[in-house]
Amino acid sequence: MKTLLAIVISILFHLVAIGQGNTSSPKLVVGIVVDQMRFDHLYKHQDKYGEGGFKRLLNEGYNFKNAHYNYSPTVTAAGHASIYTGTTPSVHGMVGNSWFDRNLDRGVSNVGDSTATIVGSMEVNMRGVSPHRIMSTTISDQLRMAYNYQSKVISVSFKDRGAILPGGHTANGAYWHDWQTSNGYFVSSSHYMDSPPQWVVDFNESGKASKYLDFVWNPVFPMERYPECTEDDVPYERTFGGKPTPTFPYEFNEYRKLSAGSSRAYQMLWVSPAGNSLLTDFAMEAITQETLGADAIPDLINISYSVPDAAGHSFGPQSIEVADIYVRLDRELERLLNFLDERIGEDQYVLFLTSDHGVVPVASYLDANNLPTGIARITLFEDALNKYLKEKYGNKEWIQNFDGANIYLNREIIREEKEDLTEIQQAVADFMMDQDGIYLALTAHQLTFNEYRSGMRSMLQNGFHYDRSGDVLLAFDPGYVQHGNPNIQVSQIKGTGHGTGWVYDTHIPIVWKGYGIPQGNSVRKVAITDIASTLAMILNLQLPSGNTGQPLKELFNE
Ligand SMILES: [Zn+2]
């Protein structure tokens, strides 16, 4: 009898051990990043959304309505790194899509890596990329480490940074769309692999990308069903493909014919809703072929949709084009959710949807509607500052680089001339405060030795990294856009951008659904850095090495 009990206990222990000690975990984490998705896109076009996409996430999942980026600059590289590391550029070091490297005396790209090569591309000599510049682990790295690299992490996007940064240092594979060569293949880096797996080769050779480029884009619904948008033909939008007006229909195939022989035809997929369909196909193929979510060891896939960003830059968030991109993305989301339900099981995966930054309405649109806007004229700033410093400190090149919101001083000359770096930084900040369109200028010294807890000072501090950022950081007035052309008028601005610490750039969706996630919503102000902390708690993992976020407590029964 005693022996039988011992056997039963032994069997029970064994069953528990099969789960590797982690008896309760989702099989798959699905991270969806919609590049440049403002919070209001969740709601603005809802009369045109189906029941199975965005609305399903809101009806079945948990919606953080007041979620924000907690730093400036709000750009793609910083955003993707912050989502997956759960910290800000001040720690993970991605202070821009590119930044000036004082020692190299040139700009460097966030993922650029001369020791890596592109794999799977039709062109062999392309410059390599890797995650080597992220200074923290990501939640994907933590997952890989926790299960001794038996967890699989795959990351896909149209942008290299949209794929590489979420995958962290140890992803099994990151794949992105290679628009620079002729066939628009999904490619990867030698950081992950020597050559792409056969399923990627097969996908690339399937002709899908070419088929999607044949797509003729008209809005899903008649134009009058988009009353939340401006007219189709307005001066706020950029044109492309040799088309004289920014209007429907967009016949991408016509542009392909015009650019015959050019390697850039597939770049058109970046502003076409068909690009999102191609990425969804590729993500589903990755889940199937890499058998993600197939066993008790959790896996992770990141899917970063880049098309809304490219289209948003061209047409602005008020356009029918961008609205229709979201109406069609809603359908892609439904397709993806149905696929995940079927393949992984509705309660077996946890999904979050967020964005890497928002965007400001087009400046000329704001101006035409009497809303605050203006131009931060970078070249005029640089000329005026140069003149001022030469008059004050002598005829030397005191500025090493003026890079938008970052001013790098020439520290070598400052040393040679025995000037005081902190004092010159302060003189520059004081001078810049008097320029038109400057809200705030803070020095590297201030940002290093003070602690700011709220407002724009804190936003700049969270985006500041001593080794990578400038000697003086600038914040422009709300609604202002930077421009290199000193003579351009606000009414002439076409298209828009992002990168500031103002709420139009920081307010983004954070919606969760699936494994253990309750239904509900909250207006508590939460930060983008909370996503990785939350995932660590759901998956019972160690937090990423630089993590500074807080778990979203509403998702946990306490
Ligand atoms: Zn972006």
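Which residues touch the most other members of the largest nonpolar core?

## Model and numbering

The structure is a predicted model, in which local features need pLDDT of at least 70 and side-chain atom pairs count only at pLDDT 80 or more, while totals for chains, interfaces and linings use all residues. Residues are numbered from 1 along each chain as its sequence is written.

## Nonpolar core

Val156 and Ile301 touch the most other members of this core, which has 161 residues. A nonpolar core is a set of buried Ala, Val, Leu, Ile, Met, Phe, Trp, Tyr and Cys residues joined through C-beta atoms within 7 Å; buried means that 20 or more other C-beta atoms lie within 10 Å of the residue's own, with C-beta atoms placed from the backbone. Helix H13 gives the most to the core, with 11 residues. Because domain 1 (30-362 + 502-555) and domain 2 (374-492) both give residues to it, the core lies between them; the domain bounds come from an automatic or database domain assignment.

## Helix H13

Helices (H or I, at least four residues) and strands (E, at least two) are DSSP runs, numbered from the N terminus. The end C-alpha atoms of H13 (residues 320-343) are 34 Å apart, which agrees with the 34 Å that its 24 residues should span at 1.5 Å a residue; the expected span is 1.5 Å times one less than the number of residues. Just after H13, Gly345 has a positive phi of about 105°.

## Sheet

An open, antiparallel sheet of four strands has the order S15-S16-S18-S17, where pairing requires at least two DSSP bridges between two strands. S15 (399-403) and S17 (438-443) each have a single partner strand, so one side of each is left without a neighbour in the sheet. S17 and S18 (residues 472-476) run antiparallel and are joined by five bridges; Leu442 has Leu473 as its bridge partner in S18.

Conventions
A residue is buried if 20 or more other C-beta atoms lie within 10 Å of its own, exposed if 12 or fewer, and partly exposed in between; C-beta atoms are placed from the backbone.
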